Amino acid sequence: MFSLRAVSVLALALTTGVLAESHTVTFVNRCQSGTPLLVREGKVVSQGEPFTATEAMPATIAYLQTGKCDPLNGSGCMTVELTLKNPDPNAPGSGSSVDLSLIPPLAFSVPTSFRYVGGCSDGASCASPDCPDAFRVPSDTFVQRACQANDVGLEVTFC
């Protein structure tokens, strides 16, 4: 017969497994120069190599550092703004959201695109300064791409 302690440990293990999440961001740089950057919580966490978080990734940005971009907020370049997180089953629409941003002081720098991997297939691209799929003002929420799948990843492509 199981002891109360064994049942508690098993319940904790099952709960932890259900709540754990994992999100990987990868980069494809087809440009002749520049370094892909992923900035999370004010720190560069990737300079082009895949980055995996074993928790939600709120308020993270990616961009190609061309030498014209602010190193921590991407000012002067176009950014991919991302929040990757598993959706709450009790809160519809609470999962991941990604967008391309050209809200000043951001500016078009190189063609940039993204696509979800491992659960959703949506994405967006911006090949020119006048592309319709990027934020230009904060009210352009129609450009956000949502994904309600667990453990979704993201591929960001430049050029």
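This is a predicted model: local features need pLDDT of at least 70, side-chain atom pairs count only at pLDDT 80 or more; totals for chains, interfaces and linings use all residues.
**Around Thr112**
- A polar atom of the Thr112 side chain sits 2.9 Å from the backbone oxygen of Val110.
- If you skip the neighbours within four places in sequence, Thr112 is in contact with Met78, Val80, Leu100, Ala124, Ser125, Cys126, Val156, Thr157 and Phe158.

**The five-stranded sheet**
- Strand E8 covers residues 112-117 and runs antiparallel to E9, with 4 bridges joining the two.
- Ser113 stands opposite Ser125 in E9.
- Both strands belong to an open sheet of 5 strands with mixed pairing, in the order E4-E1-E12-E8-E9.
- E4 (51-53) and E9 (123-126) are the edge strands; each has a single partner strand, so one side of each has no neighbour in the sheet.
- From one strand to the next, the twist averages 15°.

**Strand E7 and its partners**
- E7 (residues 96-101) is mostly covered, with 5 of its 6 residues buried.
- E6 (residues 79-84) pairs with E7 in the antiparallel sense over 5 bridges, and Leu82 stands opposite Val98 in E7.
- E11 (residues 145-147) also pairs antiparallel with E7, over 3 bridges; here Val98 stands opposite Arg145.
- E10 (residues 134-135) runs parallel to E7, and 2 bridges join them; Ser101 has Phe135 in E10 as its bridge partner.

Definitions and conventions: Residues are numbered from 1 along each chain as its sequence is written. Side-chain values use heavy atoms; hydrogens and water are left out. Two strands pair if DSSP finds at least two bridges between them. Axes are lines fitted to C-alpha atoms, for helices over the stretch in contact, and angles run from 0 to 180 degrees between N-to-C directions. A polar contact is a pair of N or O atoms within 3.5 Å; within protein, one must be able to donate a hydrogen and the other to accept it, and residues adjacent in sequence count only if both atoms are side-chain atoms. Contact means heavy atoms within 4.5 Å. Buried means under 20% relative accessible area, exposed over 50%, partly exposed in between (1.4 Å probe, protein chains only).
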